[in-house]
Every structure is written in structure tokens, then in C-alpha cells.
Amino acid sequence: MDSEALRKYSALHPKPAGLTLQYGTAGFRTKAEQLDHIVFRMGLLAILRSKAVTATIGIMVTASHNPEEDNGVKLVDPLGEMLHPSWEEYATQLANAEEQELQKVITDICQKAAVNLHKDASVFIGRDTRPSSEKLSQSVIDGIQVLGGQYHDYGLVTTPQLHYMVCCQNTQGQYGKATLEGYYEKLSKAFMELIKQSHCSGESQRHLKIDCANGIGALKLSEMKPYFPQEVLIHIYNDGTKEKLNHLCGADFVKVHQKPPGGLDMKPNERCCSFDGDADRIVYYYKDTAGHFHLIDGDKIATLISIFLKELLAKVKQNFKMAVVQTAYANGNSTRYLQETLKVPVHCVKTGVKHLHHKAQEFDVGVYFEANGHGTVLFSKAAETKIRQLVKEEKDDEKREAAKMLENMIDLINQTVGDAVSDMLVIEAILALKGLTVQQWDALYTDLPNRLLKVQVADRRVIDTTDAERRALTPPGLQEKIDALVKKYKLSRAFVRPSGTEDVVRIYAEADTQENADALAHEVSLAVFHLAGGKGAPPQP
């Protein structure tokens with residue numbers, strides 16, 4: 001390692017005094033002007049990680065659904081998955097090291113993780129459309145070059161596209177071609193093959209309005225348009241030419257505020273969807289004839305996909321194990337519908353994509369979505385091999401047709417990470433194949449009324465949880481209090497969990513009516529305020 005070069009470049013990307021940041025599920029995320037030293041150092045870390053696993057690593061510069069003035073950076077592991085948890089620790093250490101300890105921290109990481117500095121290294125870089133992203137990705141390149149690695153800068157891409165490229169590269173092209181054209185071709189071919197098998201002529205022209213959050217999704221969807229068949233008419237709104245990224249629009253805004261985004265005029269019963277700022281989340285929605293807004297979130301997306309896959313799996317008559325993975329935020333009625341009506345096993349894990357992804361890998365077919373619209377489907381190697389074999393060899397027509405559809409689903413789904421473009425095409429294909437309207441999809445089950453609240457506390461660490469965050473272990477007495485409050489309402493449940501990023505406690509409550517859900521959430525928030533060291537004035541109803 002060239003200590004002189006490290007010193008020189010590090011001085012060009014100085015760490016602001018007293019700033020400490022934590023690498024979390026979303027990587028690092030903060031105001032863009034505080035990130036220069038972080039992205040430089042993540043360039044260094046990506047090279048170390050690449051040398052440690054002898055594979056290409058990805059670096060994405062994005063802050064997803066955060067405001068435009070924020071930015072962030074996260075690393076992508078060899079198969080397109082999130083950075084290994086042990087390396088999240090190294091990322092945090094490297095980011096917070098003072099200038100003079102930088103070399104020592106790098107040496108320590110090399111020792112702990114058995115990194116051979118003489119090995120080759122390669123990194124793929126991508127960025128979103130924020131004004132700060134281009135300069136920050138330049139700083140990433142500085143970090144890469146200090147430690148002497150190869151890199152390929154893809155420039156403007158969605159987060160899931162970068163995950164896809166990294167996976168293609170490290171599977172020697174088995175997953176696909178590591179180019180944007182390769183991505184567009186793979187998805188559009190699988191999509192066209194699927195809808196070829198749809199017999200519903202009623203809605204031959206399928207209109208869809210898409211709010212792209214004034215982000216990267218708009219650019220990439222426009223590039224992909226020529227690959228789509230005539231039947232798909234997508235109309236792009238909030239394309240970034242007029243307004244700010246994520247401002248009053250995007251999947252997060254729509255989900256949190258339960259209302260349509262600005263910049264998109266909805267007529268009754270039109271199918272609409274929203275991407276988030278880096279296009280890894282999607283939610284659908286529509287307005288009924290009475291003008292009421294209906295949100296179709298990640299839970300209902302998972303349900304639609306599960307219905308479709310379960311039917312196909314029944315037809316191919318293999319003993320594949322299928323399950324849906326949710327978090328405690330999943331609406332109680334979605335869990336009931338999946339378990340009782342569909343008879344699909346449901347598993348609940350802690351909040352955070354990495355926990356869902358990890359659990360979904362335990363099944364032949366693992367469907368996971370967070371309520372916020374981030375999710376995908378994972379197929380085991382064994383299941384995928386068997387399905388592709390049936391397509392080639394199965395004599396029975398019905399079985400072979402079902403296997404063919406499953407094969408196209410495997411190719412259409414981005415298994416590396418939640419991908420709004422891919423998920424949208426999956427949903428559009430299923431609606432076309434099943435001849436469903438957006439209203440019929442919405443009517444599968446009715447969401448239980450719910451309320452999300454947050455309470456400011458002096459220290460979020462006073463709350464410790466268990467049972468996939470559904471029960472509080474500390475502070476003493478809190479869970480007993482919640483249990484007593486829940487008993488007062490029908491069909492109710494409530495849980496509290498500390499935020500991963502700020503000193504607030506998040507509260508979720510659901511009940512038979514909105515009034516009761518609101519009352520329960522408020523009572524639980526008062527209990528948290530009094531028992532967990534609330535700050536400021538007590539919560540008001």
C-alpha cells in the first residue's frame with residue numbers, strides 16, 4: 001500500500017471534525033456536503049472487499065427516497081446482495097477514523113478479514129440523479145485508485161440495475177449480460193413471453209401511469225420504452241425535468257401520506273404506480289368513482305405474486321416449498337389471507353431488507369415484500385434447475401406450459417434486490433394473465449385500519465425487542481402495558497421498536513376501525529413516553 005498516495009488523497013477528502021456516521025441497511029446517508037470523505041473511504045473499502053472475496057464489488061451513490069439535498073453510499077456484494085454484516089463494522093470504522101489513523105485501520109481490516117493486497121480488485125460504480133452524485137462518485141474513484149484497483153463507472157443507473165450488473169459479472173454472465181442493454185433485453189423478453197400466454201383480449205391496450213419521483217427511474221424507463229411491446233402503454237410523470245427529487249411524490253410519499261403524488265392527474269379507476277428515488281420500491285394505487293384513494297402496498301403485491309406462483313407450482317406438481325416473508329409492519333389481514341385462504345406459510349422477521357432476503361433464501365420459492373413496496377422473489381438453485389429442465393423435457397402440455405411461465409417469471413424478477421421496474425412488469429404480466437382489474441386485485445382482502453406514530457426519546461437504546469420486534473423486553477412494564485391496551489380493542493395489535501437512525505421510537509397499531517387504531521396508537525405512545533424517557537411535551541391525540 002502506497003502510504004504517501006493515501007496521505008495525499010485523504011487530505012483532499014478531509015473528514016469534518018466530530019462527525020461520526022453508522023453504516024446501516026441503507027449504507028451511509030446524510031447531508032450531501034458531509035459525505036465526501038465517506039465516499040472516498042468507501043472506494044478504499046470496496047477494493048479491500050474485492051480483494052478479500054476475489055470478485056467484483058458494487059458501489060452505489062444514492063440516498064433513495066431521502067430529500068434531494070441528502071446523499072448516501074452503499075456497497076454491493078458479489079451476487080448482488082447487500083454488504084456482509086461483518087464488513088458493515090469495517091465500513092463504520094473506516095468512515096469514522098481520523099486522518100492519521102487511516103492507514104492503521106486499513107491494515108487492521110486486512111488482518112481481520114485476511115485481505116491479500118497483492119490480489120486484483122474490481123469495482124462497479126453507479127449513481128442516481130442528485131446534483132451531488134457526480135462529484136461524489138468522482139471521490140469514490142479517487143479511493144479506488146489509491147489502492148490500485150480496476151473500476152467500471154456505469155454513470156446514471158437505478159440501484160437495482162447496479163446490483164444486477166454486479167451479479168452478472170460474478171456469475172460469468174450466467175445471470176445475464178452486465179450491460180444496460182442486457183438488463184433491458186432480459187426483462188423485456190421474459191415479459192413478452194409471459195404476456196404472449198395471456199388470453200384476455202378485453203384490455204389489449206394496458207395503460208399505466210407511473211410517478212417516477214423525479215428520479216433515475218424516469219430516465220431508465222424512457223430508455224427501456226423501445227424494448228416494450230405495443231400492448232404496454234406506460235405514461236411517465238414526475239420525470240425530473242421540472243421538480244425536485246422525491247418532493248411531494250414517489251413511493252414513500254404515497255405510502256406515508258396515503259394520497260396520490262403531485263404532478264399526476266388521476267381519473268377514476270386508472271391504474272397508477274409510484275417508484276421511489278432510486279427505483280427499488282414500488283406501490284400501486286387508484287381512485288374509485290366516489291373519489292376515494294386506494295393504496296396497494298407491498299403486502300398486496302406479495303399476495304398477488306403468491307397467488308400466481310402458487311397456481312403454477314400446483315400445476316407442475318413438484319414438491320417445491322414456498323413461503324412469504326413479512327415484517328411486523330405487514331397488515332394483519334394480509335397475513336390472515338395468505339395463511340388461511342391461500343394456505344401459504346408466512347414467516348415474520350425483523351425490519352430491514354437483509355433479514356427478509358436471508359429468510360427467503362431458506363425456501364424453493366421465497367416471496368418477500370416490505371409494506372413500503374420493497375421486495376422480490378427468490379428461487380432456490382434446485383427449483384430453478386428443475387423448472388428449466390421441465391420446460392425442455394416435460395411431455396404433459398399443461399405441466400410444460402406452467403413450467404414455461406415459471407421460467408419466464410424467474411427471468412423477469414430481479415432476484416438480487418427489490419426492483420421497481422422488474423416488479424412493475426411482474427405485476428402487469430400477472431394482471432394481464434389473470435384478467436384482473438386493479439379494483440379486483442385490491443378487493444382480495446381489506447386492510448385493517450392502522451396508524452404509525454413516533455415518539456422522541458432521550459435514548460432509543462432503552463427499548464429492546466424480541467419475537468421479530470413484535471414484543472418489547474425493556475423498559476420493564478412496557479410490554480405488559482401494551483398487552484393491556486390491546487385487549488381493549490377488536491382485531492387489534494400494537495408493537496414498538498427503536499428507529500435505526502434517530503432517537504425516536506416507532507409505534508404501529510391496528511384495530512377494527514380507524515378510530516380505534518388511532519386511539520390505541522395514541523395510548524401506546526403515551527406509555528412509551530412515560531416508561532421509555534420521552535422528550536419534550538407528551539404526545540397529543
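Before starting, I wrote down one cut-off: a residue counts as buried when its relative accessible area is under 20%. I also noted that I am working with a predicted model.

**Entry 1: N333**

I looked up N333 and found it in helix α11, which covers residues 332–341. Is N333 buried or exposed? Its relative accessibility is 18%, so N333 counts as buried. I then checked its side chain, which is joined to the side chain of R336 by a polar contact of 2.7 Å. Setting aside neighbours within four places in sequence, I listed Y445, T446, D447 and L448 as residues in contact with N333.

**Entry 2: S64**

Next I turned to S64, which carries the annotation "active site" in an unreviewed UniProt entry. I located S64 in the loop between β2 (56–61) and β3 (70–76). With a relative accessibility of 4%, S64 counts as buried. Which residues does S64 touch, not counting those up to four places away in sequence? I wrote down R29, R130, N246, D276, G277, D278 and D280. For D276 I have a further detail: its side chain makes a polar contact of 2.9 Å with the side chain of S64.

**Entry 3: salt bridges**

I reminded myself that side chains of opposite charge can pair when their charged atoms come close. How many salt bridges does the structure hold? I noted 35.

I picked out the one between K244 and E69, where the closest N and O atoms are 3.4 Å apart. K244 sits in the loop between β7 (232–237) and α9 (251–257) and E69 in the loop between β2 and β3, so this pair ties together parts 175 residues apart in sequence. I have K244 down as partly exposed at 41% relative accessibility, and E69 as partly exposed at 39%.

Then I looked at K434 and E311, whose side chains meet in a salt bridge of 2.8 Å, N to O. K434 belongs to helix α15 (residues 420–434) and E311 to helix α10 (residues 298–316), so the pair links parts that are 123 residues apart in sequence. K434 is partly exposed at 30%, and E311 is partly exposed at 35%.

My last pair was D459 and R461, with a salt bridge of 3.1 Å, N to O, between their side chains. D459 is partly exposed, with a relative accessible area of 27%, while R461 is exposed at 70%. I also noted a network in which salt bridges with shared partners join K381, E384, R388, K404, E407 and D411.

Notes. Residues numbered from 1 in each chain as written. Predicted model: local features only at pLDDT ≥ 70, side-chain atom pairs only at ≥ 80, totals over all residues. Heavy atoms only, no water. UniProt positions renumbered as here; feature names shortened; annotations may be inferred. Helix = DSSP H or I, 4+ residues; strand = E, 2+ residues; numbered from the N terminus. Buried < 20%, exposed > 50% of the residue type's maximum accessible area, 1.4 Å probe, protein only. Contact = heavy atoms within 4.5 Å. Polar contact = N/O pair within 3.5 Å; in protein donor to acceptor, adjacent residues only side chain to side chain. Salt bridge = Lys/Arg side-chain N within 4 Å of Asp/Glu carboxyl O.
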